[in-house]
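Please open the model in a viewer and keep the selection panel at hand. The stops below are given in the order in which they may be selected.

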Amino acid sequence: VRVKGVPNGGMAQFQEVMRQQLETSMHAELEKLLDTVSRKDFDGFKKLFHRFLQVKGPSVDWPKIHRPPEDSIQPYDKIAARPLPDSLADSLNKLVVVKLNGGLGTSMGCKGPKSLISVRNENTFLDLTVQQIEVPVLNMLLECHKQVPPVLCPRYPRINKESLLPVATDIGMTGENADVWYPPGHGDIYASFYNSGLLDQLITEGKEYIFVSNIDNLGATVDLNILHHLVSQPNGKRCEFIMEVTDKTRADVKGGTLIQYDNKLRLLEIAQVPKAHVDEFKSVTKFKIFNTNNLWISLGAIKRLQEQNAMDMEIIVNPKTLDGGQNVIQLETAVGAAIKSFDNALGINVPRSRFLPVKTVSDLLLVMSNLYSLEAGSLTMSQKREFPTTPHVKLGSSFTKVQEYQTRFESIPDMLELDHLTVSGDVTFGKQVSLKGTVIIIANHGDRIDIPAGTILENKIVSGNLRILDH
């Protein structure tokens, strides 16, 4: 078979011609859309799409994966054993804190940025962040906190899975175009800082490092021991990138892990793992730690890598289905994936207390309860709890959205002695309820259970129908 435009060189040339045609078609469609969207945004997307077309097969060769050398992941206790100097204020002046908003809180039924959800005493995630720290805070989201300047993420077009062309028909974000654009993942932080001029501004102001973390990780506070470790290294051996990792449990089997690959420390995500090795990746014995996404990164190194076009991050192909049923993909990158591009990169195995994420309403119930004490914006496990482990909480579909969850609790129950809580169906809680041990509450379809005010449930299963009516 002879394909027009393809010499007799065979399939490799044919695939290259197809790739070039796809790229040309994509550029033409983007030019049609280009109006008020930043050209830099589209240039960034073009580069991402070009790399996407270049990738063939899995991004990792499994036999080349090795455990990191022992000295490449330091125990936190070793870092914290060094005494802190009196001049630590000088080090803090070199630091900028960046909070990744991550998403729009859709998994919790929110339409706005997750950072604006109330967590404790009507304080939002962002309020707590501002209370925690006194160094400059930057917030990668679309709405601004009164004390925190935002860094606006670009928007990229979702791609039709079949045609590999943009789904968007114009640059609008309402009506039919409401869900055809997406933020490109937090790996865009490097380009956003560089293209906006913010990177040069921070370096001019004497800033040397950024501490990056997810806004919904309430354990991600500025750690003075890690900061001191960074700034006290000799100039020639300065660590340009620190990733905080922590011990993996059964609940963390999908979390990215650090590996040694081609003599570089590298982040391995589950999406990059060949199907035949997924169970091995999830093993708690082989891959014992996972990435908390608490990252300490050199601003000077970011500038160097951006100028050299040497920031290397694997592309995450995220499949989605739009409301109308259309299958699309969105191309993303992850901030931690760039670790292999930096010199003298290091992992630090931190205590679990530095990873306290709020991804679901079940997580929200835990951090709102008396299990945790709030001081200066930081949550710590209450000293009144006998065991330092966190209870396992599973709230059913009736609690999925924050608004529904809030109407089902007149007040947050006492959970100091709780080990396990499962709630399913139409269940509400009165004031001052106390939950201890293992508590399972199941309201079958059509039933409703109202837990009366002041109830103490200890190692109980509650089912059936229990209504409390006003009179």
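Angles between axes under 35 degrees count as roughly parallel, over 145 as roughly antiparallel, 65 to 115 as roughly perpendicular and the rest as oblique. The axes are lines fitted to C-alpha atoms, for helices over the stretch in contact, and the angles run from 0 to 180 degrees between N-to-C directions. Helices (H or I, at least four residues) and strands (E, at least two) are DSSP runs, numbered from the N terminus.

The model is predicted: local features need pLDDT of at least 70, side-chain atom pairs count only at pLDDT 80 or more, and totals for chains, interfaces and linings use all residues. Residues are numbered from 1 along each chain as its sequence is written, and side-chain values use heavy atoms, with hydrogens and water left out.

**Stop 1: two crossing helices**

Select helix 6 (residues 189-196) and helix 10 (residues 299-307), whose axes come within 10 Å and cross at roughly 85°. Helix 6 and helix 10 are therefore roughly perpendicular to each other. Show the side chains in contact (heavy atoms within 4.5 Å): Tyr190, Ala191 and Tyr194 of helix 6 meet Ile302, Lys303, Gln306 and Glu307 of helix 10. The residues of this contact divide into 4 nonpolar, 1 polar and 2 charged. In this division, Ala, Val, Leu, Ile, Met, Phe, Trp, Tyr, Cys and Pro count as nonpolar, Asp, Glu, Lys and Arg as charged, and the others, Gly among them, as polar.

**Stop 2: a covered helix**

Next, colour by burial, where buried means under 20% relative accessible area, exposed over 50%, and partly exposed in between (1.4 Å probe, protein chains only). Of the 471 residues of the chain, 49% count as buried. Select helix 11 (residues 361-368), in which 6 of the 8 residues are buried. The buried residues are Val361, Ser362, Leu364, Leu365, Leu366 and Val367. Their cover includes strand 3 (118-120), strand 17 (372-375), strand 18 (378-381), strand 19 (392-395), helix 12 (402-408) and strand 20 (414-424).

**Stop 3: salt bridges**

A salt bridge is a side-chain nitrogen of Lys or Arg within 4 Å of a carboxyl oxygen of Asp or Glu. By this rule the count comes to 17 salt bridges.

Begin with Arg408 and Asp426, whose closest N and O atoms are 2.8 Å apart. This pair links distant parts of the chain, with Arg408 in helix 12 and Asp426 in the loop between strand 20 and strand 21 (427-429), 18 residues apart. Arg408 counts as buried at 15% relative accessibility, whereas Asp426 counts as partly exposed at 28%.

Move on to Glu417 and Lys436, where the closest N and O atoms of the salt bridge are 3.9 Å apart. Glu417 lies in strand 20 and Lys436 in strand 22 (residues 434-442), 19 residues apart. Glu417 is partly exposed, with a relative accessible area of 49%, and Lys436 counts as buried at 18%. Salt bridges that share partners also join Arg266, Asp312, Glu314 and Lys340 into one network.

**Stop 4: backbone angles**

Most residues other than glycine have a negative phi. Select Asn293 in strand 13 (residues 289-298): the phi of Asn293 is positive, about 65°, and this residue counts as buried at 7% relative accessibility. Then select Asn344, in the loop between strand 15 (327-332) and strand 16 (346-349). Asn344 has a positive phi of about 55° and counts as partly exposed at 42% relative accessibility.
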